[in-house]
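Visitor: I have a model open and a few quick things to ask. Can you walk me through it?

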Amino acid sequence: TQTQSRTCSGASCGGSKFCSGLSSSTRRDSNPPCCPVNAVWSSWDTWGPWSATCGSRTQTRSRICDGSFCNGRSTCGGSKLLLRSDPSPPCCPVNAVWSSWSSWGSWSATCGNRTQTQSRTCSGASCGGS
C-alpha cells in the first residue's frame, strides 16, 4: 500500500483562501511480489498405467504443492510430474506365420515301434519370441 499526502500552504485562520480536496490518497499494489511461504510437496502418487501394453512405453506419477499460490504460480520448486520409461518392455505381437511342413523324415527304426518327424519354421517372430 502506498500513501501520499500534501499540505495546504497559505491558509490562515480567518483568511479567505482555503485548499479544496483531500490531504492524502492511498492505492493498493495490483500485482505484488510473492511473500516467502513454507510450501511443501506432497508424497508422490503411485505410478500410473503404462502408456502402451508392449514396446516402448512410459509411466507418470504426480504430486501436489501443499502451500500457497501467488499470482497463479505455485510456491513449491521443482516439477509436479515424474516420467519413466520401461527398461524391459514386453514384445509386441507381430504377424508371424508358419512355413509349410517339411517332408517326412526317415523312420526312426527299420522295424517295430518307430516314428517319423516333420518340421516347420515360424517367420516374422521377433523380440525373443519363438
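Visitor: Start with N38. Buried or exposed?

Guide: N38 is exposed, with a relative accessible area of 79%. Exposed means over 50%, buried under 20%, and partly exposed in between, with a 1.4 Å probe and protein chains only.

Visitor: Before I go on, what are the ground rules here?

Guide: This is a predicted model, where local features need pLDDT of at least 70, side-chain atom pairs count only at pLDDT 80 or more, and totals for chains, interfaces and linings use all residues. Residues are numbered from 1 along each chain as its sequence is written, and side-chain values use heavy atoms, with hydrogens and water left out.

Visitor: Back to N38. Where is it found?

Guide: In the loop between strand 2 (24-27) and strand 3. Strands (E, at least two residues) and helices (H or I, at least four) are DSSP runs, numbered from the N terminus.

Visitor: How far is N38 from D66?

Guide: Their C-alpha atoms are separated by 9.0 Å. Along the chain the two are 28 residues apart.

Visitor: Now the whole chain. How many helices and strands?

Guide: Zero helices and 10 strands. The pattern along the sequence is β-β-β-β-β-β-β-β-β-β.

Visitor: What share of the residues is buried?

Guide: Of the 130 residues, 8% count as buried.

Visitor: And what about contacts across the sequence?

Guide: Take the contacts between residues at least 6 apart in sequence: 48% of them join residues at least 24 apart. Contact here means heavy atoms within 4.5 Å.

Visitor: Charges next. How many salt bridges?

Guide: One. The rule asks for a side-chain nitrogen of Lys or Arg within 4 Å of a carboxyl oxygen of Asp or Glu.

Visitor: Which residues form it?

Guide: R57 and D86, at 2.8 Å from N to O. R57 lies in the loop between strand 3 (40-41) and strand 4 (58-62), and D86 in the loop between strand 8 (81-85) and strand 9 (97-98), so the pair ties together parts that are 29 residues apart in sequence.

Visitor: Are those two buried or exposed?

Guide: R57 is buried, at 13% relative accessible area. D86 is buried too, at 15%.

Visitor: What else does D86 touch?

Guide: Leaving out residues up to four places away in sequence, D86 touches W50 and R57.

Visitor: Then which charges sit over rings?

Guide: The charged end of R84 sits over the ring of W47, 4.0 Å from the centre. R114 does this with W107, at 4.4 Å. The test is NZ of Lys or CZ of Arg within 6 Å of the ring centre and within 35 degrees of the ring normal.

Visitor: Switching to cysteines. How many disulfides?

Guide: One turns up in a search of the whole structure. C54 is joined to C92, with S to S at 2.1 Å. The cut-off for a pair of cysteine sulfur atoms is within 2.5 Å.

Visitor: Why is it called right-handed?

Guide: The torsion about the S-S bond of C54 and C92 is about 105°, so the disulfide is right-handed. C54 lies in the loop between strand 3 and strand 4 and C92 in the loop between strand 8 and strand 9, so the pair ties together parts that are 38 residues apart in sequence.

Visitor: How accessible are C54, C92 and C111?

Guide: C54 is buried at 16%. C92 is partly exposed at 34%. C111 is exposed at 57%.

Visitor: How do strand 4 and strand 8 run?

Guide: Antiparallel, joined by five bridges. Strands pair if DSSP finds at least two bridges between them. R61 has L82 in strand 8 as its bridge partner.

Visitor: How many residues of strand 8 are buried?

Guide: Zero of its five, and the strand is hardly covered.

Visitor: Last one, P49. What does it touch?

Guide: T58 and Q59, not counting residues up to four places away in sequence. P49 is exposed at 72% and is found in the loop between strand 3 and strand 4.
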